[in-house]
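Hello,

Here is the structure for your files, with my notes below it.

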Amino acid sequence: MTHRPLDTIIADAARRAPVDGIRVIGVDGPSGSGKSFLAARLSAALTAPIIEIDDFVSWDCFAGWWPRFDSQVLTPLLSAQDAHYQVRDWSDWYGSSLGGWKTQPWSPTVIVEGVTCTRRETVGRLAYAIWVEAPAELRLARGLARDSTHDGKAELWERWMREEDEFFAADGTRDRADVIVDTSAFTMTAGT
């Protein structure tokens with residue numbers, strides 16, 4: 001686990017040996033830390049598609065979405081198959097409804113981005129794990145700015161952040177990361 005500049009992270013990720021013929025790169029960390037911001041840059045540099053964990057999570061199901069992600073995304077990709085997965089319907093912002101389906105064709109490198117995507121169940125299945133972090137107050141401000149139109153957003157975000165803290169501490173996610181990226185000095189726009 002080390003701290004490195006972005007160009008070095010990209011080069012390290014590109015050099016990683018594939019697992020079962022595919023290089024799956026996980027970009028994990030707490031909400032509002034800048035995972036999407038970093039994943040977009042990795043995607044452009046590595047010409048790799050991104051599968052977003054936001055297609056799986058919901059406010060009322062912090063970590064329980066994993067079996068669906070594993071069976072519909074990770075297991076097929078590691079078996080040299082396309083990932084065909086049902087996505088979260090965010091028009092039901094407060095609930096956990098599922099919507100349509102997406103297909104991500106198999107690719108030699110795929111980035112998975114989102115909270116808990118490098119959890120303990122991925123050990124030995126990911127080629128590279130990136131932990132992205134920023135101070136809690138900055139993450140909360142980013143999240144509230146991003147979700148500015150929803151009632152009760154502050155309560156949801158604060159509860160979610162507590163759940164993240166508990167999960168990551170029990171799972172040891174940060175300690176297993178190949179690299180840590182602190183985005184507190186980055187300027188990001190809403191939605192990133």
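The model is predicted. I start with the strand pairing. β2 and β6 run parallel and are joined by five bridges. Within that pair, G26 stands opposite V112 of β6. β2 also runs parallel to β7 (residues 128-133), with four bridges between the two strands. On that side the bridge partner of G26 is A129.

β2 itself is mostly covered, with six of its six residues buried. R23, I25 and V27 point one way from the strand, while V24, G26 and D28 point the other way.

β2 (23-28) is also among the elements that cover the buried residues of helix α3; the others include β3 (50-52), β4 (83-88), β5 (98-104) and β6 (109-113). Ten of the 13 residues of α3 are buried, so the helix is largely enclosed by the rest of the structure. The buried residues include W66, R68, F69, D70 and Q72.

The geometry of α3 (residues 66-78) is worth a note. Its end C-alpha atoms are only 16 Å apart, whereas a straight helix of 13 residues would reach 18 Å at 1.5 Å a residue. After α3 comes A80, which has a positive phi, near 65°.

On confidence: the mean pLDDT of the chain is 89, and 93% of its residues reach 70 or more. Over residues 187-192 pLDDT stays under 50, and the model has ten contacts beyond four places in sequence for that stretch.

Regards

How values were computed
Residues numbered from 1 in each chain as written. Predicted model: local features only at pLDDT ≥ 70, side-chain atom pairs only at ≥ 80, totals over all residues. Heavy atoms only, no water. Expected span 1.5 Å × (residues − 1). Buried < 20%, exposed > 50% of the residue type's maximum accessible area, 1.4 Å probe, protein only. Contact = heavy atoms within 4.5 Å. pLDDT = per-residue confidence, 0-100. Pairing = 2+ DSSP bridges.
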